[in-house]
Amino acid sequence: MADAFSSWHPLATAYDLPHRHIFHGQLLGRELAVWRADDNFINVWENRCLHRGVRLSIGTNDGAELTCRYHGWRYANRSAGCTYIPAHPADAPARTICNRTFPAVERYGLIWSGENPDGQPPMVELLETGSPFLLRNLPVNASADVVLEALRDHSFQPQGRLEGQGADMTVAIVGDYGLALTSTDGQASTSAVFFVQPVAADRSVIRCVLAETPPQSEQLKVWRHHADALGKLVNRAEATFATLPAPAPLVATIEEVPIDLSVMPEMATDRRAALRVEVSRKWTTAEGIAAFELTSIGEPLPTFQPGAHIDLHLPNGLVRQYSLTNGPGETAYYRIGVKLDPDSAGGSRALHESVRERDVLAISEPRNNFPLRRDALRTLLIGGGIGVTPMLAMAQALHVMNLNFELHYFAQSNAHLAFEEIRNTLGNSVKVHLGLSPEQTRAEIEAAVAEFDYANQLYVCGPGPMLEATRELAAAAGWPDETVHFEYFKNTNEIDDSSQFDVALARSAVTLPVPSGSSILEVLRANGVAMPSSCEQGACGTCTVPVIDGDIDHQDVYLNQTERAAGDKIMTCVSRATSTRLVLDI
Amino acid sequence: MITLYDYELSANCYKQRLMMSLLDVAYESTPIDFFPGLEHKGDDFKKINPMGHIPVIDDAGYVLWDAHAILVYLAAKFDPSGRWYPTSDPELLGETASWMLFAEGTTNTASAARLHVNLGYDFDIEACRTGAHHLFRLLDEHLWFREREGKDWVCSSDHPTIADIAIFPDVVLSEEGGVSRLDYPALRRWTDRVKALPGFIVMPGIFPLGTS
């Protein structure tokens, strides 16, 4: 028998994965949680939450994500990456928190997987040409080889002669774990393929498919006939197995926590474009807004959370940031919206005019500096123009979790409203405001933020003046600083880089002078310090560094007033020091 | 109002709480110190139920014990639709009675294994587990065929009966007694369907379905 660990095995049958169910499976001693998402993707995961090891099969499948029963960690369809940890509502979980996944292929109505399978599940001529009909699976308390041996003597009656007995049986081998049996009685003949799933050293499941689907009126009788016949086979195999010495148990090795999970990750060195994606779809979603679906051409796409953005490296060398609009579980592609900026330096223009479907682009892994809390009693989302994109991702996550939210979407006109297909899934929670003057916009925002209550959270993204107005009105209405989350498209402040000062790197015991005309980020990189960054204009928050001592000259638009006043972090791409020395915790 | 002499961790008491919740019947719970106090074996409790076991209900002076008997009483009295205990349909009533007897079996095997593990009852644990697997295998096959007939429940009706409620807790708590349900996928799907019933409630060890 070939190495079971490099073979494909059926571990479930299509009827085992009904809507939003989690199937509890086992293969070669390893327990698996198997679930079908609403987009029909079949997930086969180690049945073990990364957090405290609880079985994921007792969790919940909401069609997009699987939630662990114990502490509510949420894992995304397809990638199995963690998207939310309820105990840390303000933080985006590290991308490295990812369940172990196994491949899944649906063929002949069976779900195939394996520890480390080669190639593809077996092709069975009988089932390729026929109309496969699934029988009931039978669990057997016997090893797979004993069951396969017993199957050689199995007999059943062909369709049309179910009541008879003594049909002629012929046996053919199908792969390493299957047998095709043909029963012939006079003119009647029926073929069935039996696959034996090695569940554990001492347990198996027989999964059986008839080559031809019987007429509807006969089906119950056929199912019953085979259940009875196989029941006898199971008794025989179990009796034989009981006489044999017990085999050594198959103990699944649980992979150790990978090293990058158990240590602090290396800092990204620069604006990396680690992923290659294909523009699988490009369309106009609203006036002046092009939408793109980006599909991986290599590894599956990394997990994202609502609020995340990617850096897109354009053919003309520019790097631009775009928020993902994906809902939870929508993991087969990244979807972004790009507004054509009339003053474009070439970013949005290139995407609108030059980039076409099937083009390959380089992007960064998603980064989330705008994480969404899911513990609010009410969440208010305000999006202006293209600023609606992160709000759509957030709204979909809140909607799936049945959390209370309102999305206020400000746009010039009906024609300027983007992503109708997403908004249509959100029910009555979307309020659209069209063609308002700045004063009218202000009045609508004022009305929207009028009531602050305990555990309310406000997220806003849009043009600078709209963000300023929202922050000011929310503060006036009593929203504490930490409940108002914002993301600017860009930093329109004029950056004053005339100052000169020293930065002391406390952990590295290095002091570096920052001359006028250079940013802290540039000086650090020039001296070999690996630093992540993204927008490099003080809007996205990627290059933040903790500050131990010194007075900060904040010039970014990422930090709020409270965070600025605290003086314990700095955006190194634009902000500087007013003191002669700044001590950084790196 | 009905008084239920109750123990939070008892599968048989939970059957009554679940039934009353599904039927929207108000009741008061009187907790009995089943473990470790063995209050149900004490002289005071034996004045209520000389058999010395719970659950027991007291419905305005009418006292009834035995978990499955109480289900019969509750459904017959409080279910105006007559579905849970289908007295007007002799065939379905017969089926219900038959599966209620099956539930005695799951109680004496799967739930007994749980009592052995959790509360140290002196049962033949291997016999309990083997018996539970035997019954689960039968029930899994039965429910698989029900699904093929387009039916969701233990009996042939298109609605649940007290038999579903009598069997459900023994099945869904079986892991606590060391009886895995891994080999019984149809049984697991049926527990999802019971959990989706309007008015479903949980107990320690029984989890709700997701929110959606």
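About 1300 Å² of area is buried between domain 1 of chain B and domain 2 of chain B, with carbon and sulfur atoms giving 74% of it. Three residues, B:Ala11, B:Lys15 and B:His68, supply 36% of the area that domain 1 buries against domain 2, more than any other three residues. Do keep in mind that this is a predicted model.

**Layout of chain B**
- Domain 1 of chain B covers residues 2–78, and domain 2 covers 90–195.
- The centres of these two domains, taken over C-alpha atoms, lie 21 Å apart.

**Contacts across the domain boundary**
- On the domain 1 side of chain B, 15 residues are in contact with 16 residues of domain 2.
- Five residue pairs are in polar contact between the two domains of chain B, both residues being at pLDDT 80 or more.
- Helix H1 (11–22) and helix H3 (67–78) of chain B each supply at least two residues of the side of domain 1 that touches domain 2.
- H1(B) gives the largest share of that side, seven residues.
- The count of salt bridges between domain 1 and domain 2 of chain B is one.
- B:Lys15 forms a salt bridge with B:Asp170, and their closest N and O atoms are 3.3 Å apart.

**Cysteines**
- Over all chains, the structure holds zero disulfides.
- A:Cys540 is in no disulfide, and the nearest cysteine sulfur, that of A:Cys535, is 3.7 Å away.
- A:Cys540 is buried, its relative accessible area being 8%.
- B:Cys155 is buried too, with a relative accessible area of 0%.

How values were computed. Residues are numbered from 1 along each chain as its sequence is written. Chains are lettered from A and ligands numbered from 1 in the order in which they are written. This is a predicted model: local features need pLDDT of at least 70, side-chain atom pairs count only at pLDDT 80 or more; totals for chains, interfaces and linings use all residues. Side-chain values use heavy atoms; hydrogens and water are left out. A disulfide is a pair of cysteine sulfur atoms within 2.5 Å. Buried means under 20% relative accessible area, exposed over 50%, partly exposed in between (1.4 Å probe, protein chains only). Domain bounds come from an automatic or database domain assignment. Contact means heavy atoms within 4.5 Å. Buried area is the accessible area (1.4 Å probe) that two parts lose on being put together, summed over both. A salt bridge is a side-chain nitrogen of Lys or Arg within 4 Å of a carboxyl oxygen of Asp or Glu. A polar contact is a pair of N or O atoms within 3.5 Å; within protein, one must be able to donate a hydrogen and the other to accept it, and residues adjacent in sequence count only if both atoms are side-chain atoms. Helices (H or I, at least four residues) and strands (E, at least two) are DSSP runs, numbered from the N terminus.
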